[in-house]
Amino acid sequence: DNLIDIGLIPKYYGDSKAREQTLKYYVHCIGHPMGLDIHETIDQNVQLEPGMVITIEPGVYIRPDPNVNEEFHNIGIRIEDNILLTNSRKSIILTESIPKTIEEIEELMSTRDDTDHLTKYVQGFVP
């Protein structure tokens, strides 16, 4: 719906056409396991288990396109969370303290000359 709200996908598209258009901007999977290599691959039939770390990383990437408003050209947005799976129903979000809202990111960027500002986001990264 948000891609429709900002005009990347016309409102009059039906579900199948909208899904097709979404894939134009959403070019990768929702996430992947993390292990010895940051981008591990996994067999689709492998069951997730406690102790595994996965990443959930939705993203939108907008390439220049004559059918897209120029203000959106060359924008890429990805929000990534790293999740530790546990025995309980509640997993641990390892990246919980990393800024994700517009306000948090703007605050971070406004102080980027000060390298100490990152400390508050990475403290407690490992549970």
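Arg78 forms a salt bridge with Glu57, with the closest N and O atoms 3.8 Å apart. The term salt bridge here covers a side-chain nitrogen of Lys or Arg within 4 Å of a carboxyl oxygen of Asp or Glu. This pair links distant parts of the chain, since Arg78 sits in strand β4 and Glu57 in the loop between β2 (53–56) and β3, 21 residues apart. The model is predicted: local features need pLDDT of at least 70 and side-chain atom pairs count only at pLDDT 80 or more, while totals for chains, interfaces and linings use all residues. Residues are numbered from 1 along each chain as its sequence is written, and side-chain values use heavy atoms, with hydrogens and water left out.

Glu57 is buried, with a relative accessible area of 5%, whereas Arg78 counts as partly exposed because its relative accessibility is 43%. Buried stands for under 20% relative accessible area, exposed for over 50%, and partly exposed for what lies in between, with a 1.4 Å probe and protein chains only. The side chain of Arg78 also meets that of Glu80 in a salt bridge, at 3.7 Å from N to O. Glu80 has 27% relative accessibility and therefore counts as partly exposed. Through shared partners, the salt bridges join Glu57, Arg78 and Glu80 into one network.

Over the whole structure, a search finds four salt bridges. Another of them is formed by Lys24 and Asp65, whose closest N and O atoms are 3.0 Å apart. It too links distant parts of the chain: Lys24 belongs to helix α2 (residues 15–25) and Asp65 to the loop between β3 (59–62) and β4, with 41 residues separating them. Asp65 is buried at a relative accessible area of 15%, and Lys24 is partly exposed at 33% relative accessibility.

The wider layout comes next. The chain has four helices and six strands; helices (H or I, at least four residues) and strands (E, at least two) are DSSP runs, numbered from the N terminus. From the N terminus on, the elements run α-α-β-β-β-β-β-β-α-α. Four of the strands form an open sheet in the order β1-β2-β5-β6, with antiparallel pairing. Its edge strands are β1 and β6 (92–93), each of which pairs on one side only. Two strands count as paired if DSSP finds at least two bridges between them.

Within the sheet, strand β1 (residues 31–34) pairs with β2 in the antiparallel sense over four bridges. Here Met34 stands opposite Val53 in β2. Four bridges also join β2 to strand β5 (residues 81–84), and these two run antiparallel. Val53 stands opposite Leu84 in β5.

Which residues make up the largest nonpolar core? It consists of Leu3, Leu8, Ile9, Ala18, Tyr25, Ile62, Val68 and Phe72, eight residues in all. Such a core is a set of buried Ala, Val, Leu, Ile, Met, Phe, Trp, Tyr and Cys residues joined through side-chain atoms within 4.5 Å. Not counting residues up to four places away in sequence, Phe72 touches Ile6, Leu8 and Ile62. Contact is taken as heavy atoms within 4.5 Å. Of the contacts in the chain with a separation of 6 or more, 45% are between residues 24 or more positions apart.

Asn74 is found in the loop between β3 and β4. Although not a glycine, Asn74 has a positive phi of about 60 degrees. Its 63% relative accessibility is why Asn74 counts as exposed. Ile75 lies in strand β4 (residues 75–78) and is partly exposed, at 31% relative accessibility. Ile75, Ile77 and Ile79 form a nonpolar patch on the surface, and together they have about 240 Å² of accessible area. Patches are made of residues with over 30% relative accessible area and no salt bridge, where like charges are joined within 9 Å and nonpolar side chains (Val, Leu, Ile, Met, Phe, Trp, Tyr) within 5 Å.

For the chain as a whole, buried residues make up 22% of the 127 residues. The chain exposes about 9,800 Å², of which carbon and sulfur atoms supply 54%. Accessible areas come from the Shrake-Rupley method with a 1.4 Å probe; for residues, only the protein chains shown count as cover.
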